[in-house]
Amino acid sequence: MDRIIKIPVIKGVYWVEIPDAKLQILCGCPADCVKHLMKRGLIIQREVGGVLCETGPNAILLSDVMIQHGEFSNLAEFPVLQMLYKQGLIIPKHPNNTGQKPLLIGLAEQVQAQMQYIFRGNYGLATLEEILQAGVDENTAREMLRLKKRFAFGQIKPSNMLLDNCVLGRERREIRNGVEIERIAVNHFEIFYQGSSVSVDLNLYGEDRYAPPYPLGFQSIPRDYFAVCHSGDGDGWDVNRPTMSSILLFQGKIFLIDVGPNLFFNLTALGVGISEIEGIFHTHAHDDHFAGITTLMRSGHKIKYYATPMVRLTVEKKLAALLSMEENQFNDFFDCRDLPLDVWTDIQGLEVKPLFSPHPLETNIFIFRTLWSNGYRTYGHFADIVSLNVLENMITEDDDAPGITRTLFEKVKTEYLQPLNLKKLDIGGGMIHGAAVDFKMDRSDRIILAHTSSELTSAEKEIGSSAPFGTCDVLISGKNDSARRLAFRFLQSHFPRVPFHHLRMLLNNDVVEINPGSIILKEGEVATDVLLILSGLVEKIFPGENRLSRLMAGTLLGELSALKESPSQLTFRTASYVSVLKISAGLYRQIVRKNNLIGKIERTATIRTFLESMDLFDEGLSHPVMAGIIDHLTLKTLAPGQSLPCEDVEFLNVIHRGKMRRFIGRDSHDFLGAGDFFGEEGAIFGIPCLYPVKAEDDTEILQIRGDLLKDIPIVRWKLFETYKARAMQSVHNGDSSFVFQWRDEFGVGIASMDVQHKKLVEIANNIIEIVRSGHEQNTLGSAMTTLIDYVQYHFDAEEQLMLQYNFPDVEHHAQIHRLMVKQVQDLRESTLHGDSINYLDLLAFIQSWLVMHLIREDRNYTEFLNAKGVF
């Protein structure tokens with residue numbers, strides 16, 4: 001019998017079991033990993049001590065990196081819930097409740113991130129002060145907190161009361177019961193037990209993606225005037241269906257309601273590309289409604305985010321915990337549009353009203369309406385709601401006890417039961433979900449039952465209907481040709497100076513739908529048509545590279561082949577149902593020539609092809625955005641041995657040809673070649689000259705201003721992913737010569753403050769390296785200005801947090817902040833006046849100024865704020 005059993009689950013996820021040590025480790029935990037374990041038979045139902053419960057893991061090995069290929073690598077919320085409740089580890093008097101907690105294994109940063117993320121997933125806004133910050137009046141906020149505590153069995157608990165952890169460093173560590181683990185490299189681990197060992201690699205390679213647990217057929221949804229497409233009716237445990245969600249179609253625009261796991265896969269099956277999405281309406285931040293948020297962050301434009309302020313704040317805090325970023329960075333990726341609770345908001349004819357729904361964390365349900373012949377047509381999306389019987393049992397008139405008032409109960413009941421044309425319900429049951437029986441007398445025209453992993457009972461089938469994936473309810477049918485209207489808008493964006501009558505000539509071609517999996521242009525073929533993608537997804541396949549990228553709505557396909565009447569260099573294949581405007585190649589050539597565009601298109605074709613061959617720019621960017629980037633490129637050449645000056649910090653640098661060596665401190669780190677990029681830490685994230693570079697050969701660099709890229713979510717997201725991965729390597733691989741390494745003892749136990757403290761350490765390392773390397777004084781002055789700006793921002797945030805919770809020593813702390821700002825301002829002034837700074841003197845200053853402040857002063861508020869529920 002093997003002492004260690006290793007089973008591949010999906011790419012990037014393994015099951016490692018050591019039976020003699022009673023240890024079952026889930027290695028890697030992306031979205032829906034519990035469902036994969038269920039499908040593989042690694043989670044099954046069994047009876048223990050007369051109680052029916054589930055088997056499963058009792059430990060989770062976390063990925064070193066939070067993001068791989070644009071998706072979360074660590075989402076431990078549902079695996080932990082499965083351990084606590086479905087296995088029974090937390091249930092009083094359960095035979096599996098032996099006092100042993102679920103165990104998180106991984107680097108300190110990832111363990112801490114998961115602890116904080118799980119805390120937010122359990123409770124959302126966890127204090128009265130946080131709820132008040134969302135604009136809720138104090139009486140309502142107190143009642144929300146009472147309700148939250150009732151769901152939490154009377155107490156909001158920090159994650160360390162529910163979970164144990166095993167933090168990995170550079171040495172081998174014991175996990176439990178003689179089982180040991182060693183981290184070999186990034187995402188490479190070795191697990192040992194009594195002379196046996198197995199290796200685990202959690203990396204995704206090439207085109208690897210985390211697979212969904214269910215298959216979906218392809219469908220093409222109608223783009224009606226006002227309609228609801230059902231994109232999910234399962235729950236977080238359903239192995240066969242996507243989680244409860246909907247797509248709202250209105251006047252040719254597409255809105256999502258919630259973003260569960262496998263969002264990209266689900267949308268592709270429906271023929272919807274990310275670039276087509278106008279906005280998202282968000283009910284709450286549980287993973288089965290939240291895990292797809294990164295898919296929307298990979299759009300070429302900022303998608304509108306609609307939610308009440310309390311839901312948005314919860315999402316910001318949860319995402320910030322997951323990604324170790326600041327909460328306000330959510331606005332870097334979304335166009336946030338707060339919706340007032342209990343008020344109709346008109347969004348260009350689509351009216352929406354969010355209503356409060358009792359749940360363990362902040363949740364709103366939505367009612368949508370639009371004017372029609374006899375008044376309004378309405379749709380209600382009710383996820384997650386609670387059984388009225390469960391809610392009524394929470395009623396208490398004791399203002400200090402966990403629970404709700406009779407008044408709030410009656411308000412919720414009335415809002416749940418209001419009649420609508422179409423109503424989609426959560427009937428998941430249990431402590432925190434709805435029950436179909438509550439709607440037996442509901443007078444809505446049509447009721448859809450969802451958010452369940454069980455088959456509907458006969459009684460439930462009498463109350464409501466099912467809505468399988470891809471089915472649509474049309475509330476108002478469309479009469480306009482929305483496809484041609486969309487095509488005209490895309491043509492205008494491609495050719496802003498071409499007269500309308502020429503655009504109408506291009507528009508006067510067939511709109512056709514192409515089946516999924518069809519090759520529409522092969523490498524070596526000459527395009528006979530130029531295809532303008534109107535909906536769906538097309539794969540662009542690079543010959544011989546085992547690589548592809550995805551083209552979305554608004555892209556012209558086959559343009560260069562048609563213009564030059566030359567063979568295509570790439571193969572294009574539909575990944576979903578695709579609708580295109582099929583423009584005759586001959587007509588396209590004539591229109592382009594008449595408007596003298598041939599020269600410009602050919603001049604930019606080479607650089608466009610090069611940029612689009614890079615992962616950074618290969619998908620999601622519209623023609624006008626890419627054209628703007630190309631028009632503002634700066635070309636820079638470097639001779640062998642020449643370094644790029646830190647004054648170029650505002651540029652993202654792309655190597656067009658040649659080779660460069662990158663350094664961390666004075667140590668050589670890696671080599672960069674054509675298609676690689678560097679400088680994102682300064683151009684996008686405000687940390688100049690973190691990784692110096694030097695040309696190895698004659699090198700040509702394309703420089704792109706950071707301000708052109710900051711507001712393109714997909715580019716910013718990919719740069720963020722790269723930046724985090726490089727920071728991980730420099731901090732945890734032991735190959736860094738940075739003076740200050742972030743250590744656990746620097747942490748103050750407040751997630752938002754620790755994120756900012758880590759950035760201060762990065763900036764401090766940058767300044768020390770500038771002095772050590774002998775850069776120009778103006779380079780040092782610029783870096784010092786960056787430090788002062790961020791220090792002031794951080795101190796303001798820290799003092800605001802103290803004031804929010806009435807920390808008694810806030811004025812003393814503020815005095816220390818003012819002194820520290822003056823000290824660094826004086827240091828900058830001396831550099832601006834030409835005074836040289838001794839490296840050792842600067843090192844001593846940073847040591848006392850930053851590190852001792854973290855360890856001594858900021859620790860003073862930790863215990864106070866932790867006691868208030870701030871972690």
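Where is Met431 found? In this predicted model, for which local features need pLDDT of at least 70, side-chain atom pairs count only at pLDDT 80 or more, and totals for chains, interfaces and linings use all residues, Met431 is found in the loop between strand 25 (422-426) and strand 26 (446-450). Residues are numbered from 1 along each chain as its sequence is written, and side-chain values use heavy atoms, with hydrogens and water left out. Helices (H or I, at least four residues) and strands (E, at least two) are DSSP runs, numbered from the N terminus.

Together with Tyr85 and Phe153, Met431 makes a nonpolar surface patch of about 340 Å². Patches are made of residues with over 30% relative accessible area and no salt bridge, where like charges are joined within 9 Å and nonpolar side chains (Val, Leu, Ile, Met, Phe, Trp, Tyr) within 5 Å; accessible areas come from the Shrake-Rupley method with a 1.4 Å probe, and for residues only the protein chains shown count as cover. Met431 counts as partly exposed because its relative accessibility is 34%, given that buried means under 20% relative accessible area, exposed over 50%, and partly exposed in between (1.4 Å probe, protein chains only).

A patch of negative charge on the surface gathers Glu397, Asp398, Asp399 and Asp400.

Side chains of opposite charge can pair when their charged atoms come close. With a salt bridge taken as a side-chain nitrogen of Lys or Arg within 4 Å of a carboxyl oxygen of Asp or Glu, a search of the whole structure finds 46 salt bridges. In one of them, the side chains of Glu130 and Arg120 meet at 2.9 Å, N to O. Glu130 lies in helix 4 (residues 128-133) and Arg120 in helix 3 (residues 108-123), so the pair ties together parts that are ten residues apart in sequence, and both Glu130 and Arg120 are buried.

A salt bridge is also formed by the side chains of Asp711 and Lys302, at 3.6 Å from N to O. This pair links distant parts of the chain, 409 residues apart, with Asp711 in the loop between helix 20 (706-709) and helix 21 (713-732) and Lys302 in the loop between helix 8 (293-296) and strand 19 (303-307). Asp711 is exposed, at a relative accessible area of 51%, whereas Lys302 is partly exposed, at 27%.

Within helix 9 (residues 309-323), Glu316 and Arg312 are separated by about one helical turn because they are four residues apart. Their side chains meet in a salt bridge (3.0 Å, N to O), and both Glu316 and Arg312 are buried. Elsewhere, salt bridges that share partners join Arg298, Glu545, Arg547, Asp615, Asp618, Glu619 and Lys718 into one network.

A disulfide is counted as a pair of cysteine sulfur atoms within 2.5 Å, and by this rule the count comes to zero disulfides. For Cys29, the closest cysteine sulfur is that of Cys33, at 5.4 Å, which is too far for a bond; Cys29 is buried, with a relative accessible area of 0%.

Most residues other than glycine have a negative phi, and most peptide bonds are trans. A cis peptide bond, with omega about -10°, joins Ala383 and Asp384, and Asp384 is found in the loop between strand 24 (375-382) and helix 10. Gln251 has a positive phi, near 50°; Gln251 is placed in the loop between strand 16 (245-250) and strand 17 (253-257) and is partly exposed, with a relative accessible area of 37%. Asn262, likewise not a glycine, has a positive phi of about 60°, and its place is in the loop between strand 17 and helix 6 (263-269), where Asn262 counts as buried at 15% relative accessibility.

Finally, Pro516 is found in the loop between strand 28 (510-514) and strand 29 (519-521) and counts as partly exposed at 21% relative accessibility. From C-alpha to C-alpha, Pro516 and Asp235 are 28 Å apart in space, while in sequence they are 281 residues apart.

Key. Lys and Arg count as positive and Asp and Glu as negative; His and the chain ends are not counted. The place of a charge is taken as NZ of Lys, CZ of Arg, CG of Asp or CD of Glu.
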